[in-house]
Amino acid sequence: YGILPLQAFGEIRNEKYRIAAGLQFDVFNPYAPTVLPFSILSASGNTGNAFRGQIRFERFFNFANDVQWIGQLALSEPVATTIDPTFSILEDNGWPNVEGRLAVGVGISELVNGAMRRPLELGVSGVVGQLRTTIPLNTQVVTDVWGAGADFRWKILPCLGIAGEIHHGEGLGPYNGGILQNVNRDLINPAHSTFDAIESTGGWLETFAYWTPCFHSHVGYGIDNPEDADLGLGQRSRNSTYFANLLWDVNAAFRVAFEFTWRETEYNLPNPLVNDGPGYHTQLRWSF
């Protein structure tokens, strides 16, 4: 595949402010479940976590050593074309999307899976914008993009916790929502396609247990459920994933892991169709 950078940005920051510009992950719904595939439950409840051109402003409020509030605001590229080739017909409508998030973390920060996390973290976020779909010599449709989300992580005990996200919005395909579908496209009768934005709801939840400091497991579920009335025939109407894994961090650089998933996908067809089946994933990861 060659080189595919996920992040490449420059920043100016201190203890109170951060300004960054370049290729970055979304401000909207930034959490991700601990799973092995790089897709991290995209199209199955995990919105956000796409990477796009963006300029971001962040403000940190440290009222105490164990409490931090974070405000984030970003102007971002509307279309993340690396997610799905079907987005190639989408284009911005002349201005960027606006993303925002307010979050609070409580407790002393600690290193978790390569990132600094606090025992209790809560956040709410949103995105607004527009997209344009152009079919040459046929039609051009401008649709609104909007989404609202909430995320949390709670380390209940030193070895046990839960985390998750929920979202609802419209035109969230480029944000890994709507089962990677952004607009109405009738796959059976293309002439019936309206190219109006698809509304969708979803989320994910996981529990995590650290049996030892270096041996941990994560069990969870994610679902993405577009509004059936917004779909064309043949489009995906529901997608869900169950997952369970075991991860062994042999040392700071090397990890061995195994995961089992069960996925179910339903389609908007006159006769119900469900595509389901198991998945098995292994991982040998070397960080340097």
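A disulfide is a covalent bond between the sulfur atoms of two cysteines. To be counted here, the pair of cysteine sulfur atoms has to be within 2.5 Å. The structure ends up with zero disulfides.

How open are these two residues? Cys159 is partly exposed, with 39% relative accessibility, and Cys214 is partly exposed too, with a relative accessible area of 30%. (Buried means under 20% relative accessible area, exposed means over 50%, and partly exposed is in between, using a 1.4 Å probe and protein chains only.)

## What kind of model this is

This is a predicted model, where local features need pLDDT of at least 70, side-chain atom pairs count only at pLDDT 80 or more, and totals for chains, interfaces and linings use all residues. Residues are numbered from 1 along each chain as its sequence is written, and side-chain values use heavy atoms, with hydrogens and water left out.

## Rings that pair up

Now for the aromatic rings: how many aromatic pairs does the structure hold? There are seven. Rings of Phe, Tyr and Trp (its six-membered ring) pair if their centres lie within 6.5 Å; planes under 30 degrees apart make a pair stacked, over 60 edge-to-face, and the rest tilted. One of the pairs is Phe61 with Phe63, which is stacked because the ring centres are 6.3 Å apart and the planes are at 10°. Phe61 is partly exposed at 33% relative accessible area, while Phe63 is exposed at 63%.

Phe260 and Tyr280 make a tilted pair, 5.6 Å centre to centre with 55° between the planes. Phe260 is in strand S15 (residues 254-267) and Tyr280 is in strand S16 (residues 273-286), so this pair ties together parts that are 20 residues apart in sequence. (Strands are DSSP runs of E, at least two residues long, numbered from the N terminus.) Phe260 is partly exposed at 34%, and Tyr280 is exposed at 58%.

## Charges over rings

The charged end of Arg52 sits over the ring of Tyr175, 3.9 Å from the ring centre. Arg117 does this with Tyr31, its charged end being 4.6 Å from the centre of that ring. For a charge to sit over a ring, NZ of Lys or CZ of Arg has to be within 6 Å of the ring centre and within 35 degrees of the ring normal.

Val141 is in strand S10 (residues 139-157) and is buried, at 15% relative accessibility. Leaving aside neighbours within four places in sequence, Val141 is in contact (heavy atoms within 4.5 Å) with Leu131, Arg132, Thr133, Thr194, Phe195 and Asp196. The C-alpha atoms of Val141 and Leu131 are separated by 8.4 Å, and the two residues are 10 apart along the chain.

Phe195, one of those contacts, is in the loop between strand S11 (160-170) and strand S12 (199-212). Phe195 is buried, with a relative accessible area of 9%. Most residues other than glycine have a negative phi. Phe195, though, has a positive phi near 60°. Ile40 also has a positive phi, about 40°, although it is not a glycine; Ile40 is in the loop between strand S2 (17-25) and strand S3 (51-64).

Conventions
Helix = DSSP H or I, 4+ residues; strand = E, 2+ residues; numbered from the N terminus.
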